[in-house]
Amino acid sequence: MRRFSQILDFFGAAPSEEGVLLPTFQDLVNMRRQVPYLKDFRFRQTSNISGDVRSSFKGRGMEFAEVRAYSLSDDARDIDWRVTARKNQPFTKLYTEEKDREVYVWLDISASMRFGTKKELKSVSAAKAAALIGWFALQNKDRFGLALYDGQRTRLYDASRTEENLLQILKQIEKIAAESLNFGKNTTSAAQSLQKLQTKLSSRAIIFVLSAFEDFDLAFEKILMQMSRKHELYAVYFFDKLEETPPPKGQYPVQNEAEKVIINSNGAAFDKTYQAFFNQKRQNLREKCARFGCAYREIRTDLALAGQLRPI
């Protein structure tokens, strides 16, 4: 199966002619225009820090306050069914309001993200998603920060509520993404990188992990599990259309460093194995996220970002 994963990397190492290899600063700034499409984007965790506005990264909150009789204006999802059954009339849960949230993105632009056959590389889609989350956070006066992993180093950018800070982060994404095109194999692991962000966070936060999860080993899983206990965690899985759908029938000469092989995609067996590999990886990630209490999202790089980030 590992050999099959390597073979998959050979197909479409770069997007088509109209595709994008790098996220430009202007592209990332323009993601601000998509913020209105996230108007129903809501999260659930509460902040430890009091602010001046109600955060949109909240949902109904996690800090329970009290139970009272249900009224027609209340959200039916907040009904306390145990109390309702005991009292024989509907009761609803009330939660403390969440304010001034810290929102962090762990952005993977390492070698495994430099893959794409339609529209753009996965690293470009992930960078745009990070920018979109940043603009949305600022609109709601939450503080936004970033951990940028390129396979060699991890840069940490402090959370701030200012547009100036976000613009500086977007410039760094453009700069480091361009530099990373020259990098070979990773010299530091994704687990080491994610741990740096974990160590940095002293208070509860919302964290988005944007990656293709190629380096999803036991160490990485352990850190995800630890972070999900304290923070509200979102795993956002980026994939290319060709990873989900087998290539056209034919023979493909491919090379990985010194190794040269011919891939024969003719026959039903190839399609079955190909699709099974992708489906199993996706299912494994979904199940682990469910077990950790980590929310799961999928982003296919040739489709609109905002719609895919909304709750499933």
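**Strand 4 and its surroundings**

Strand 3, residues 102–108, pairs with strand 4 in the parallel sense, over seven bridges. Before I go on: this is a predicted model. Within that pairing, W106 stands opposite A147 of strand 4. Strand 3, helix 4 and strand 4 together make a right-handed β-α-β unit.

Now strand 4 itself, residues 143–149. Is strand 4 mostly covered or mostly uncovered? Mostly covered: seven of its seven residues are buried. R143, G145, A147 and Y149 point one way, while F144, L146 and L148 point the other way.

Strand 4 also has strand 5, residues 154–160, as a partner; these two run antiparallel and are joined by five bridges. Here L146 stands opposite Y157 of strand 5. The hairpin of strand 4 and strand 5 has four residues between the strands, and G151 in this hairpin takes a positive phi near 95°.

G151 brings me to G184. The two are 33 residues apart along the chain, but their C-alpha atoms are separated by 8.6 Å. G184 sits in the loop between helix 5 and helix 6. G184 is partly exposed, because its relative accessible area is 44%, and buried would need under 20%. Leaving aside neighbours within four places in sequence, G184 is in contact with A111, R114 and Q152.

Last, the helices. Helix 4, residues 122–139, packs against helix 5, residues 163–180, at an angle of about 175°, with the axes 11 Å apart. Helix 4 is therefore roughly antiparallel to helix 5. Residues making the contact include A127, A131 and W135 of helix 4, and L166, L170 and I173 of helix 5. The residues of this contact divide into eight nonpolar, one polar and one charged.

Conventions. Residues are numbered from 1 along each chain as its sequence is written. This is a predicted model: local features need pLDDT of at least 70, side-chain atom pairs count only at pLDDT 80 or more; totals for chains, interfaces and linings use all residues. Side-chain values use heavy atoms; hydrogens and water are left out. Axes are lines fitted to C-alpha atoms, for helices over the stretch in contact, and angles run from 0 to 180 degrees between N-to-C directions. Angles under 35 degrees count as roughly parallel, over 145 as roughly antiparallel, 65 to 115 as roughly perpendicular and the rest as oblique. Contact means heavy atoms within 4.5 Å. Ala, Val, Leu, Ile, Met, Phe, Trp, Tyr, Cys and Pro count as nonpolar, Asp, Glu, Lys and Arg as charged, and the others, Gly among them, as polar. Buried means under 20% relative accessible area, exposed over 50%, partly exposed in between (1.4 Å probe, protein chains only). Two strands pair if DSSP finds at least two bridges between them. A crossover is right-handed if, with the strands pointing away from the viewer, the path from the first strand over the helix to the second runs clockwise.
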